[in-house]
Amino acid sequence: MQNKTRCPDSILAPILAHAAQAVGATLDGVSVKITQGHGAKMAGLAYRDTMAIKLTLPKCGPDSVDLAYRFWALCAHELGHIRDYQSLLRGENLEFSYYTNAHSQRAMRHDSRPQEVRAERYVAEARARIASGALQDAPILDLAIYFEGCR
Ligand SMILES: [Zn+2]
């Protein structure tokens with residue numbers, strides 16, 4: 001993990017480990033780079049060719065717990081893509097599409113791409129396990145406490 005933020009590894013590493021486990025990905029062989037964002041803004045990308053994710057950590061928000069949950073969901077979403085890339089390497093067949101049909105160069109709306117629908121489903125399932133108490137949320141609350149101190 002390349003941590004370019006002010007937030008210590010001891011808070012970020014458990015969030016990543018939790019999010020990876022929650023969506024069924026492994027962090028083995030995955031390169032993670034986290035940069036420092038401003039305000040409540042955050043961003044993420046997953047790269048299939050290099051098996052890498054890049055994340056931008058928000059700084060502060062009006063609701064620290066909500067902000068921590070949203071950053072966790074972002075990590076889980078990008079790691080959901082990594083889960084799919086890892087499944088492909090194991091020979092599983094998964095649908096990926098970027099265009100509305102094979103003959104069209106018209107881009108498919110981002111959120112309706114099958115890989116995005118799958119990643120959001122992994123996150124929703126993980127959220128439901130947290131809500132039911134089957135999955136603990138201690139690393140997310142530790143991040144919330146960190147955000148509280150950032151004001
Ligand atoms: Zn995505």
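Let's start with alanine 76, which touches Ala19, Ala22, Val23, Tyr122, Val123 and Ala126, leaving aside residues up to four places away in sequence. Contact here means that the C-beta atoms of two residues, placed from the backbone, lie within 7 Å. What you are looking at is a predicted model, in which local features need pLDDT of at least 70, side-chain atom pairs count only at pLDDT 80 or more, and totals for chains, interfaces and linings use all residues. Residues are numbered from 1 along each chain as its sequence is written.

Now step back to the surroundings of this alanine. Ala76 is among the residues with the most contacts inside the largest nonpolar core, along with Ala19, Val23, Trp72, Cys75 and Leu79, and that core has 32 residues. Such a core is a set of buried Ala, Val, Leu, Ile, Met, Phe, Trp, Tyr and Cys residues joined through C-beta atoms within 7 Å. A residue is buried if 20 or more other C-beta atoms, placed from the backbone, lie within 10 Å of its own. At least two core residues each come from helix H1 (9–23), E2, E4, helix H2 (64–89), helix H3 (114–131) and helix H4 (138–148). H2 gives the largest share, 10 residues. Helices (H or I, at least four residues) and strands (E, at least two) are DSSP runs, numbered from the N terminus.

Buried in H1 are Leu12, Ile15, Leu16, His18, Ala19, Ala20, Ala22 and Val23, and the elements covering the buried residues of H1 include E1, E2, H2, H3 and H4. After H1 comes glycine 24, with a positive phi near 80 degrees.

E1 runs parallel to strand E2 (residues 31–36), joined by 3 bridges, and asparagine 3 stands opposite isoleucine 34 in E2. By contrast, E3 pairs with strand E4 (residues 52–57) in the antiparallel sense over 5 bridges, with glycine 44 opposite leucine 55 in E4. The hairpin of E3 and E4 has 4 residues between the strands, and there methionine 51 takes a positive phi near 50 degrees.

Notes: Pairing = 2+ DSSP bridges. Buried ≥ 20, exposed ≤ 12 C-beta atoms within 10 Å, placed from the backbone.
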